[in-house]
Amino acid sequence: MAPSKTSLQSKTSLRARQRNLFLVFVVVFSGAYLLWECNSTDWGGTRRASAADSRRRGSSTIIDHSISSESGSKDHEESYRKTNSRGPTEAKVKGDSVPAMQQNIGRGSANSRTDQPVVTFRTQKKVKGNARPDLLYELDCEPKHVERCPAQGVGPSRNKLTSKVEHVSTGTLKHRAPGTGGPSGCKEAWITALGNDGFLPAVLVLLHTIRKYAKEDRDFIALVSSAVSEGVRQRLAEEAVRVIVVDPFENNERARQLVSQSARYRSGYWVVKMFVWRFEEYIKMVYVDADMYMRQNTDSIFCSPTNKENNIIAVTPRSSFDTTAGFNAGMFVYNPSNEMFDSIMAKFLALSQGEMLATSEQDFLNAHFKDRYFLIPIDYIMKHRRMVKERKLWDENRVHGYHMNGSPKPWEPEWRMACAYPKDHQKFLKGYEDFFVEWWSYYYDMNGSTLPTDRALFKLLPEHDPGSSFDNFRKGSWKCPENPK
């Protein structure tokens, strides 16, 4: 007997109601799941760890982003997956790593200082860059009030009067109470180190580029070795910045013994650079090697999370994909601490003479701050060699500054000679020439003059070239180095 029309309609209506109830259940469940994901995930797509989780897992645990095929080669991705076999959400790694507090510093966790700015870690879906996605986030922070101060350095309120050269050995360097600010009253500062006269043009361009874009007042300190001539010290003082002379060999017999055995220690630069931790009157400082320059506003770098109690510094990573490779010591954001300075020097002086000669300050600092650093975006301050070799793979608009590590430097007359570059870089000579034009454009801008169209005419002013290097080069006194680095 065939079912009646009324019976068929009843069954159809029942199935429709069941289907609708099922769809409602799916929508409600999906919404609840997405809400849970939003509450447990930061802007970059990384699951947040609670302070309790961080303490339970230990400092060698990192919270990782998954790798997107849009951000790097398949070889890098495969290597990354093999290294992090525990999966993309959490990975146990050996050696130097991003601390677990990477995700919590500045967010009110048990490990963060209460005076930290609120930092937003935001990755875009498509960011051009040959690196892990979690190293290409935006370093943003909520606007923080930086008090105006007549800075001896940079900013709209800066003092433009020639400063007095300060000397550590003669007692003319007067430290103020911790956290009260420098002589200008500024509580934050940029600082660089100068080991010889040849880096004068580098420091001047670094200062000029920071000043050109800075919107906040901060002191700028040029920490110079006693090997730097009086003329260069005075030239820096005319820039209305703090110039502080440090004698790296005073009461340091070990450093004095190394002078005759290593060019690295001849100027005492290593010890001078470590002295940057001595300025406790400042709350926060950014150290930059003199062979850097900035190309847009870099005030946001002071928002990088740091922690004085736990000795956490903020740095850029060495590697684009391997977070165990450590960090670049050419730039770091930190909280000054005499205790940290004493710790660093004690550890250094405990090395044998052979160990001292074999290590660099970068390797030493990586060992000293193992598992105690926060990684800022790799393309915030980028090494110029990476950009020259991979220029098509990066978004240069994201780069705030360049670190021109290695030889030659653009202010050295041999910068257009292939033999001045390491052998495996000589094939990129045109790329280096094109790249260094930007540094020269800032140099001519600083002097208020027009950049020559012929690169052969690029030249330092005599007052910026204490060793007359360009004149000597044109006289034929320069010879190709045997093993350029």
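So, phenylalanine 275: with a relative accessible area of 7%, this residue is buried. Keep in mind that we're looking at a predicted model here. Now go to phenylalanine 279, which is buried too, at a relative accessible area of 0%.

How are the rings of these two phenylalanines arranged? The centres of the phenylalanine 275 and phenylalanine 279 rings are 6.1 Å apart, and the planes are at 80 degrees. Anything over 60 degrees counts as edge-to-face, so that's what we call this pair.

Where do they sit? Both are in helix α13, which covers residues 429–446, and they're four residues apart, about one turn of the helix. Tryptophan 439 is buried, and tyrosine 443 is buried as well.

Find phenylalanine 302, and you'll see the charged end of arginine 218 sitting over its ring, 3.8 Å from the ring centre.

Let's switch to the backbone. Just as background, most peptide bonds are trans, and most residues other than glycine have a negative phi. I've got some exceptions for you.

The peptide bond between serine 407 and proline 408 is cis, with omega at about -5 degrees. If you want to find proline 408, look in the loop between β16, residues 401–403, and α13. That's the helix that holds tryptophan 439 and tyrosine 443.

Next, aspartate 371. Its phi is positive, near 65 degrees, and it isn't a glycine. You'll find aspartate 371 in the loop that runs between α11, residues 361–368, and β14, residues 373–375.

Last stop, serine 468. This is another non-glycine residue with a positive phi, near 50 degrees in this case. Serine 468 belongs to the loop between α13 and α14, where α14 is residues 469–474.

Definitions and conventions. Residues are numbered from 1 along each chain as its sequence is written. This is a predicted model: local features need pLDDT of at least 70, side-chain atom pairs count only at pLDDT 80 or more; totals for chains, interfaces and linings use all residues. Side-chain values use heavy atoms; hydrogens and water are left out. Rings of Phe, Tyr and Trp (its six-membered ring) pair if their centres lie within 6.5 Å; planes under 30 degrees apart count as stacked, over 60 as edge-to-face and the rest as tilted. Buried means under 20% relative accessible area, exposed over 50%, partly exposed in between (1.4 Å probe, protein chains only). Helices (H or I, at least four residues) and strands (E, at least two) are DSSP runs, numbered from the N terminus. A charge sits over a ring if NZ of Lys or CZ of Arg is within 6 Å of the ring centre and within 35 degrees of the ring normal.
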